[in-house]
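Here are my notes for a colleague who is new to this structure. Please read them with the model open beside you.

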Amino acid sequence: MQVAVVGAGAVGCYYGGLLLKAGHDVTFIGRQPHVDAINTHGLLLDTRSFREYLPARAATDTTALASPDLVLVCVKSADTEQAGRSLAGHLRPETSVLSLQNGVDNARRLSAVTGHAVIPVVVYVGSEMAGPGHVRHHGGGDLAIGPSAASAALAEMLQAAGIGTTIADDIDRTLWSKLIINCAYNALSAVAGISYGPMLEVEGTRDVVISAVQEAISVARACGASIQDDLIAHILNIPTMMPNQMSSTAQDLARGKPSEIDFLNGHVVRKGAELGIATPTNQALQVMVKLAERGKEGRRAD
């Protein structure tokens, strides 16, 4: 298949790399350092089971992009509309567009801009860009995709590339469950610069995580999502499952990039305000990250 990855960061390069390794024709759209490295040396896909340079094409924009069979949109939530506009003229009616993004409303926002059906996807992977054109995999890798006429064929194609894929009939519940996981750990990992493993060893952290999760579950249920009763127990087990993972928000802060905190804890805060549900823990976590971002901006200015 002709595949375009819009947003060649840790998520886009990991899944695009696996599709590339499986024999698909993949073009990566990303930032200049990654584009230059990929075009010069190939994409370095560094996983737990193999480490391999994969010849690939990359560009900084979509102007030279042919009409692909499949588009993986992996940009940050704040860039969703811009990514959608960049795809104008490149989408055929039969093109499948998948949103592999954090948050619960990116597929809807993307579809509104493109006028094209977009399938929401929930991503369960720990990965990072370890250098230009170098994606390092820490764990996980499964996908849950929303139902559509194309979903069964897409799931089969992804499975054949070594990507565990399920079709989630209740995709809103799945999207909200992932968002709640992000609300539990992303901000704490970012502000402390700490991986998930040692996080809960610090006294009081477990209480903060549980409070953030309980608030987010209340908001999700008020929005109509049927959140499972055992979600908190699952979330508290994540540091054991992925001890070396730094949250995507932590990676953004470390690189001086804008975070997605307004679309994670911030989304819960906004929806809570609309619904009359108090979300003080999520608000504190959101503010902590925004203060950390402001502090980094000040240090760069000095």
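1. Start at N39. This residue sits in helix α2, which spans residues 32-41. Helices here are DSSP runs of H or I with at least four residues, strands are E runs of at least two, and both are numbered from the N terminus. The model is predicted: local features need pLDDT of at least 70, side-chain atom pairs count only at pLDDT 80 or more, and totals for chains, interfaces and linings use all residues. Residues are numbered from 1 along each chain as its sequence is written, and side-chain values use heavy atoms, with hydrogens and water left out.

2. Buried means under 20% relative accessible area, exposed means over 50%, and partly exposed lies in between (1.4 Å probe, protein chains only).

3. Look at what N39 touches. Setting aside residues up to four places away in sequence, its contacts are A56, R57 and A58. Contact means heavy atoms within 4.5 Å. A polar atom of the N39 side chain lies 2.9 Å from the backbone nitrogen of A58. By comparison with A78, 39 residues apart from N39 along the chain, the C-alpha separation is 27 Å.

4. Now take the rest of α2. H34, V35, A37 and I38 are buried in this helix. Viewed down the axis of α2, its buried residues fall within an arc of 170°, so they line one face of the helix. The arc is that of the directions from the helix axis to the C-beta atoms. Their cover includes strands β2 (25-29), β3 (43-46), β5 (57-59) and β8 (119-131). Just after α2, G42 has a positive phi of about 95°.

5. Strand β2 holds T27. At 12% relative accessibility, T27 counts as buried. Its side chain makes a polar contact with the side chain of R57, at 3.0 Å. A polar contact is a pair of N or O atoms within 3.5 Å; within protein, one must be able to donate a hydrogen and the other to accept it, and residues adjacent in sequence count only if both atoms are side-chain atoms. Leaving aside neighbours within four places in sequence, T27 is in contact with V3, A4, V5, R57 and L65.

6. Next, a helix pair. Helix α6 (residues 171-192) packs against helix α8 (residues 231-241) at an angle of about 50°, and their axes are 11 Å apart. Axes are lines fitted to C-alpha atoms, for helices over the stretch in contact, and angles run from 0 to 180 degrees between N-to-C directions. The two helices are therefore oblique to each other. On the α6 side, S177, I180, I181, A184 and Y185 make the contact; on the α8 side, L231, H234, I235, L236, I238 and P239 do.

7. A second pair is α7 (residues 205-222) with α10 (residues 265-275). They pack at an angle of about 60°, with axes 10 Å apart. The α7 and α10 helices are therefore oblique to each other. Angles under 35 degrees count as roughly parallel, over 145 as roughly antiparallel, 65 to 115 as roughly perpendicular and the rest as oblique. Residues A216, V219 and A222 in α7 meet V268, K271, G272 and L275 in α10.

8. Last, a loop residue. N102 lies in the loop between β7 (96-99) and α4 (106-114). At 14% relative accessibility, N102 counts as buried. Beyond residues up to four places away in sequence, N102 touches S77, K178, N182, S248, E260 and L264.
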